[in-house]
Amino acid sequence: MIVRNDSPRASLFGNRDYWHLFGAQVVALFGTGLTTVALGLLAYELAGERAGAVLGTALALKMVVYVTIAPVAGAFADRVPRRALLVTLDSVRAASVLALPFVTEIWQVYVLIVVLQSASAAFTPTFQAVLPDILPDERDYTRALSASQLASSMETLLSPMLAAALLSVLSFHWLFTGTTAGFLVSALLVVTARVPRARRSARTGLADRLSAGARIFLTTPRLRGVLALNLAVAGAGAMVMVNTVNYTRDALGRGDADVALLLGAHGAGTILVALALPPVLDRFPERRIMLTGSAALCTGVVAAVALSSAHSGDWRWPAVVLVWAVVGTGTGLVLTPIGRVLRRSADDADRPAVFAAQFSLSHACWLLSYPIAGWLVTASGFTRGWLALSLLTVVGTVAATRLWPRTDQPG
């Protein structure tokens, strides 16, 4: 039985189904964060000084899986009960993580990572496509998007601290057990929520269903703009995600606590935006807000390039903290409203395919920016590597401005 509350008075805070699904998302996010920490330690145990290469390969496999599996999941999401699909995917993730402590060969890690991330690549866009169906009111849906962005940012900040606290009393292998329990709790929360079945798409051919999301992106001007903004986010975000540790330790000569502080400044910028944005979206169109965020990303990466060419001065540290906070703010301004744009760019039947396409195409942008932040920075230094990343960010911003018509309005 499908239960939907279409009343505009329905409050997000009183929607039991939403809170169960949001709880499932939060638990799974923290489980994934613990897995990332434990995976790095497992790679070191198996490979020693080659651990960086092993972990890098695992992360590359993750991105490839995200790009390839999400469209497949979107093509079949309307053919199966979504609640059963989400529960099955959580169960697969739990089983994959539970098996990781028992591996003895590096290739086994790669196989389990592919299985784990394939399930995540199918889970996330399916979950995102469910939210508009259980939250028909635009304001509630906007608050839900902000809550999801807030949860993602908090996980980035808190998962390493939680892992450190657990590792002070437990072996890292127990992190995998805790993650398994988290995915099972996520599955239980999904079971207790009422998830409406997706409206069956009229598309019958497999090739048509597989390419539907990408074709909608490429033929819808505002979505072409979103795709360009994904490139801008990936360009600036890769600088933060890949280079923060080395830049803080090697270029600035500071310690681990300052690494955490710098990442915290980036996360704080995103969190503040997620908290403040819902009422702003009631007054201003998504295009203006997202392009403002992308302009902030450009400002941040260009300032980072300038900072990287300065080799001394106590002023660099507060300047870097400010730059990382600006990049976090820009990221939040771009990413938080995306769900609203996707929601009004496709009918109900095509919505799973569109969300899957966003998941896949955005990670394709990261697959481009991560190697630049890793390999080019290592080979040529921060200034040249960040200059290349700033070029991606600026190109994405300019392209979005041109591809997304100024006259496009919500409706």
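Modeller: Let me start with a pair in one helix: because F123 and F127 are four residues apart in helix α4 (residues 106–134), about one helical turn separates them. Bear in mind throughout that the model is predicted.

Biologist: How are the rings of F123 and F127 arranged, stacked or edge-to-face?

Modeller: An α-helix has 3.6 residues a turn, so residues three or four places apart point the same way. Both F123 and F127 are buried. Their ring centres lie 6.2 Å apart with 10° between the planes, and since planes under 30 degrees apart are classed that way, the aromatic pair is stacked.

Biologist: What is the overall secondary structure of the protein chain?

Modeller: Read along the sequence, the pattern is α-α-α-α-α-α-α-α-α-α-α-α-α-α. Among contacts with a separation of 6 or more, 85% are between residues 24 or more positions apart, and buried residues make up 52% of the 411 residues. The secondary structure comes to 14 helices and zero strands.

Biologist: How many aromatic pairs does a search of the whole structure find, and how many residues apart are the two members of the pair that joins α2 to α13?

Modeller: The search of the whole structure finds eleven aromatic pairs. One of them is formed by Y66 and F359, and it is tilted, at 4.9 Å centre to centre with 50° between the planes. Y66 is buried at a relative accessible area of 9%, and F359 is buried at 7%. The pair links distant parts of the chain, with Y66 in helix α2 (residues 51–76) and F359 in helix α13 (residues 351–380), and their separation is 293 residues.

Biologist: Which helices do the buried residues of α11 pack against?

Modeller: Helix α11 (residues 316–335) has 20 residues and reaches 28 Å from its first C-alpha to its last, close to the 28 Å expected at 1.5 Å a residue. Its buried residues include R316, W317, V320 and W324, and W324 also belongs to one aromatic cluster with Y247, F382 and W386. The helices that the buried residues of α11 pack against are α8 (221–251), α9 (256–281), α10 (286–308), α12 (338–343) and α14 (382–403).

Biologist: Why is S294 counted as buried, and which residues does it touch?

Modeller: S294 has its place in helix α10. Because its relative accessible area is 0%, below the 20% cut-off, S294 counts as buried. Leaving aside residues up to four places away in sequence, S294 touches L229, A232, V334 and T397.

Biologist: At which residue does α9 bend, and by how much?

Modeller: The 26 residues of α9 should span 38 Å at 1.5 Å a residue, and the end C-alpha atoms are 37 Å apart, which agrees. A proline, P278, follows the bend within four residues; the bend is at L275, by about 35°.

Biologist: How many disulfides does a search of the whole structure find?

Modeller: C298 counts as buried at 13% relative accessibility, and C365 is buried with a relative accessible area of 9%. A disulfide needs two cysteine sulfur atoms within 2.5 Å, and the number found in the whole structure is zero.

Methods:
Residues are numbered from 1 along each chain as its sequence is written. This is a predicted model: local features need pLDDT of at least 70, side-chain atom pairs count only at pLDDT 80 or more; totals for chains, interfaces and linings use all residues. Side-chain values use heavy atoms; hydrogens and water are left out. The expected span of a helix is 1.5 Å times one less than its number of residues. Buried means under 20% relative accessible area, exposed over 50%, partly exposed in between (1.4 Å probe, protein chains only). Contact means heavy atoms within 4.5 Å. The bend at a residue is the angle between axes fitted to the seven residues ending there and the seven starting there. Rings of Phe, Tyr and Trp (its six-membered ring) pair if their centres lie within 6.5 Å; planes under 30 degrees apart count as stacked, over 60 as edge-to-face and the rest as tilted.
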